Structures are given as C-alpha cells and as structure tokens.
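Hello,

Here is the structure I promised to pass on to you. Have a look at it first, and then read on for what turned up in it.

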Amino acid sequence: MRANAVATTLLLVWGLGGCDGAPKAVAANNAMQSPQSQPTVNEAIAFIEQAEAQLAALSNEQSRAEWIYSNFITDDTAALAADMAEKVTAAQVKFATEAARFIDVPLDPANQRKLNILRSALVLPAPLDPAKNKELANITAELNGIYGKGKYCLTDGNCLTLPELSTILARSDDPNEMLNVWQGWREISRPMRPLFAREVELANEGARDLGFSDLSELWRSQYDMEPAAFSQELDRLWGQVAPLYESLHCYVRGELNQQYGDDIVPPTGPIPAHLLGNMWAQQWGNIYDKVAPDNADPGYDVTQLLAAHQYDELQMVKQAESFFTSLGFEPLPDTFWTRSLFTQPKDRDVVCHASAWDLDNQDDLRIKMCIQKTGEEFVVIHHELGHNFYQRAYKHQPHLFKNSANDGFHEAIGDTVALSITPVYLQQIGLLEQIPDESKDIGLLLKQALDKVAFLPFGLMIDQWRWQVFSGKITPAQYNQAWWALREKYQGITSPVARSETDFDPGAKYHVPGNVPYTRYFLAHILQFQFHRSLCQLAGDTGPVHRCSIYGSKEAGDKLNALLEMGMSQPWQQALKQVTGSDTMDAGAVLEYFAPLKIWLAQQNKVANRQCGW
C-alpha cells in the first residue's frame, strides 16, 4: 500500500505499560480503589501520573520486541512479542478500568484529557481474565505471523511474496495471470477466519469490561466527538467526494471495457477487482497507462527518472528527508540510517508492509520497508518520514500526548508533503529538466486521482465492515458476503470469481489481521488536501493548488511544525485550526484540487454515452 502504513508501535503508544509497580504504587492503587470514599482530585492526579510513568517506562521494551519480531519472523520472536503484548494489554486494561473510577472527578483540562486517553485509547482491550488476556495476545501474534510469512506458490514451484505478487498485478495485461495472482494471495488468509472470530469475541468482552457497548463504540470514541456524531461526520465527508469518485469510476470502467471487452469488464455495474493494478483495488495508479487519454502524457515517468539518475533505495530516502529539511526541520539522526530496514532481506522473513517507528519516544526513529525503486515507493517514503518527523516534533510532550491530534493527522502529514511532489519540485531536485505546461495537467491529475480519489471509499469501508462485525450486525457466518457487499456499495468493485464463507478475504489486507484501525486513512486523504491548500497559501503560491509545491518554504514549515509539536495535547479541532484557520474537516479542498479533472471526466463520460453508477 503506497501510503497507508503505520507500525504497531504507533498504535500502542498509549498502551505500553506494565503492572509491576513499586510497593508504594500498589499500596496507593489499593487505596484509590477503596469503595468507602469518593475519589479526590489529588487521587485522580496521582493515578494519572503513576499510569503515565509506567506506560513510558515499558514503551521502549514493547517497541523493541515488535521491531525484532517484524524484522526476524520466527517462532521465538513471535513468542517474545506475544508475551510482551500480553503484559502490555494487561496494563492497558488495568489502567483503563481504574480510569473509569475517576471519570466524574473535576480535573483541569490536561489531566481530564489524559484520563480519557487512558480509558478509551485501546485498540484491542483484553478481558480482565488473565487466561483470556493471554489467549488474545497469542491470537494477535499468530494472525500477524500468518500474514507476514504469506507466500503464494505458482504451478512451477516458484513461491512469491506479496511485493512480488503485487508487481505482477501492477504490470500485467493478462486477465488470467492477474486472476491467478489475485486468488493466490487470498489463500493465505483462509486460516485466519476462526482466529479473527475469536479475537473479536475477546476484544468485545474487553470493551464491555471498560463500559463500552462493543469495540466499535470504543474505536469511535477516540475522536473528541460522540461516537454517533463521528459516524455522521464520516458520512458528511463521503457525501462531499462521492460524486467525484463516481465520475472517476465511470471513466475507468469505460476505458477498461474498451481494452478487455464486455466479457471481462461489463460496460455497466461494478468493476472486477483484479484488473485495477493493486492487490486490493484500493489505488489504481498502476493502470494509468491503460486508461489515460492519448494526449495526457506529461513527458516523464518518476520511476524512469529515478532509474536514469541512478537513485538507489537509500538515495530515495535521503531525498525525502531533504524535503523536510527544506521546510526548516532538523535532519534525521544518524541512528535512523544505521537501524532502519530499507530493502527486503534474502535470508529471513520480514513484515514488508511499510511502517514508521519511534522506539524510544525521543530520537530513535526508523522506517521498515522493502523499497522498490518506483515512483509509487518514492511517495511512500515521503509519507513514512512524515510519521518520523511528527514523532520527533512532539517528543517534548508528556507521554500520553505523544501522538497526533487524531490518527488521521499522523497519516496526513507525509501525504501533505507528497502532494508537493510536482513537476516544479522534480525540477528543483534535478530529476526533471523541463516542466510540462498546463495542457498536461489533466494527465497528472488523473494519475493522482487514480490513487487519491480511488482510495477514498476503500479507506472508509474497511472499518464500516469491522464496526458492524464488532457490533454483531455482521456475524462470522456473513464475514465474506458482507465484505463484498460493502465493497460494491462504496467502491463499485466486485470479486472476479465466486467467493464463499470458507474464504476470508478481509484478512488478505494487512490492517485486518494487524488490528490497525483504518478510518485514519480516509481522514488522512481528506486532511492532506486541506493542509496542502492552507500551506500553499502560507508559502505565497497563487497558482492552481494542484501545481503548488511548498518545498523550501520556511513559512509553511513553521506553521506545520507548530501543529506537529502539539501532539495530542489538544482536541484535533484546535490542531486543524492551527494550520487551516478552521476547526472543521472539509473535503471541499479535494474538490478544488481536482476541479479541472472533474470537468474533463464529465465531458468524457458524456461523449462516450456512459451510464455511470453501479
């Protein structure tokens, strides 16, 4: 996935703790839990300070256990990671349960916010029963291992990893070859099904122990809004961009129909998922050459430019770093370059999914990627470094505030910078000699839309499915059917072959077995355009927003850094206002960015007499 990766470390930043407190702390805890007296402000603050200190102390241990496991997948490292996860989850649940006792204590805003974080920031809350806690930790590790070690073996005995399979999907013109690869990867997720179902049972029990109706309510409570109001906010944002997506879908389906014919791609209805150049049909940039108009070629290809200028994996990362330093940020520490994973090892299994890590909550920043020397990966690297620079910016915050304003902000920052990877930027860094004129904008915007706009419904539907699973609306017997029903509803995508409830297609996407909430990516794809528009204004760029690059603007960098340094210390609405001047998320910036393309798509679909929708 080009820009949608976060390490487990980021998810656990609030929940890295232990239950091995000093005798005084235990005694204080017991006193605080006394039913004879109402808790006081001093007791509440003492509890928050104790919890925060323990979480900070065990954070490093947790991060390193996860790092080692992700980079050396063995039974031993899995066991160590599971043991640590069990310890962490027990502490998370312990603190969350105790935090509920102080919920009515009148606290200052900072401590009230910390208390709410302690209570609600769990991703997978384990039940209070230690045996069930251990069971949940083991299931979590097993699901990650199944995904991380996943390979599909062709008939000739050649076994391919996910990056290798994805390369075939990105480059092939043969529907049968693409179908084989698409089906093959989904074989790895079948064994996950009973494990996932049990994981949901245990996590829901843990959520109920914390006072939530189910895990869905807990996840949706983390956005400084009531859960129901947050769901309505997502519906509002999707309503803003849905017409643009429908126009893009209509155009792409028509072009693929012309290439493959009615038997492969019908002229109406949903698009078969294996033909869109991506293992999950979440981003369609890889089929740009198949759907671009004849006159849309901008005259360059970033992958080819990287090759022509002999960029290796390390140079790609160094160039991404230079973007941030051009805004006034300090360079990454030396340890980043010696401790990160940039290429896939030949001698061991690793989790190749791109991720950014902060192992000591200070300066031990790393990325973990199996970098491919492509333009797509060039953008991914900018995204991952966005996480790293965000992590370092808020390192001075108290431990419980060492995170982004909401999880969509963490995802958005790197992509905001990536929107500045324009022809102007490519010329500035010496990759491109001549900037195409505005007549080539449609091709560039179409390529962007195939990734950014095409992603929006996918970014929304993953958690729409999970939240209904957590609430019981979707039962285990309906997992796969409901998955594809939602994919058709939001994306207009269908499975190319019949699927059954023996399959578990959700598990073929990392974030499901990895238990990474996904709504953050939808929010990020809205916020990045809102940030980009505002930062371009600060940089003094008065041209079309889609041609703007903030590279080299210290004014934009200063404003951005002010947001990053806030961490999670304030509601996200205040952080948003820091850069945009507004406390409301607005997908209108997406529409402004793609306005020329929207007009062009409507013209193309009208001329071809296409029936849009599905």
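A disulfide here is a pair of cysteine sulfur atoms within 2.5 Å. Cys352 and Cys370 meet that cut-off, with their sulfur atoms 2.1 Å apart. Please keep in mind that this is a predicted model.

Let me stay with that pair for a moment. The link of Cys352 and Cys370 is left-handed, with -80° about the S-S bond. It connects distant parts of the chain: Cys352 sits in the loop between helix 15 (334-339) and strand 4 (355-358), while Cys370 sits in the loop between strand 5 (365-368) and helix 16 (375-393), 18 residues apart. Both cysteines, Cys352 and Cys370, are buried.

Strand 4 and strand 5 run antiparallel and are joined by four bridges. One of the paired residues is Asp358, whose bridge partner in strand 5 is Leu365. The two strands form a hairpin with six residues between them, and there Asn361 takes a positive phi near 60°. On strand 4, Ser355 and Trp357 point one way and Ala356 and Asp358 the other, yet all of them are buried. Helix 16 has 19 residues and reaches 27 Å from its first C-alpha to its last, close to the 27 Å expected at 1.5 Å a residue. Because 18 of its 19 residues are buried, helix 16 is largely enclosed by the rest of the structure.

Now for the other disulfides. How many does the structure hold? There are four disulfides. If you number the bonded cysteines of the chain in sequence order, the pairing reads 1-2, 3-8, 4-5, 6-7.

Another of these links joins Cys250 to Cys612, with an S to S distance of 2.2 Å. The torsion about its S-S bond is about -80°, so the disulfide of Cys250 and Cys612 is left-handed. Cys250 lies in helix 11 (residues 227-260) and Cys612 in the segment after helix 25 (595-607), so this pair ties together parts that are 362 residues apart in sequence. Are its two ends buried or exposed? Cys250 has a relative accessible area of 1%, so it is buried. Cys612 is partly exposed, with a relative accessible area of 32%.

Cys536 and Cys548 are also joined by a disulfide, S to S 2.1 Å. Here the torsion about the S-S bond is about -105°, so the link of Cys536 and Cys548 is left-handed. Cys536 belongs to helix 21 (residues 519-538), and Cys548 to the loop between helix 21 and helix 22 (554-566), with the two cysteines twelve residues apart. Cys536 and Cys548 are both buried.

Which side chain does Arg520 meet in a polar contact? The partner is Asp407, at 3.3 Å.

The largest nonpolar core has 173 residues. Those with the most contacts inside this core are Leu248, Val252, Trp284, Leu385, Phe409, Trp465 and Phe594. Helix 19 (residues 441-471) gives the largest share of the core, 17 residues. A second, separate core has 18 residues, including Ala44, Ala99, Leu118 and Phe401.

Finally, a short tour of helix 14. Helix 14 (residues 313-326) has 14 residues and reaches 21 Å from its first C-alpha to its last, close to the 20 Å expected at 1.5 Å a residue. At its start, a side-chain oxygen of Asp312 comes to within 3.2 Å of the backbone nitrogen of Leu314. Buried residues in helix 14 include Glu313, Met316, Val317, Gln319, Ala320, Glu321, Phe323, Phe324 and Ser326. Just after the helix, Gly328 takes a positive phi of about 110°.

Enjoy exploring, and do write back with any questions.

Best wishes

Terms used
Residues are numbered from 1 along each chain as its sequence is written. This is a predicted model: local features need pLDDT of at least 70, side-chain atom pairs count only at pLDDT 80 or more; totals for chains, interfaces and linings use all residues. Side-chain values use heavy atoms; hydrogens and water are left out. A nonpolar core is a set of buried Ala, Val, Leu, Ile, Met, Phe, Trp, Tyr and Cys residues joined through side-chain atoms within 4.5 Å. Buried means under 20% relative accessible area, exposed over 50%, partly exposed in between (1.4 Å probe, protein chains only). A polar contact is a pair of N or O atoms within 3.5 Å; within protein, one must be able to donate a hydrogen and the other to accept it, and residues adjacent in sequence count only if both atoms are side-chain atoms. Two strands pair if DSSP finds at least two bridges between them. The expected span of a helix is 1.5 Å times one less than its number of residues.
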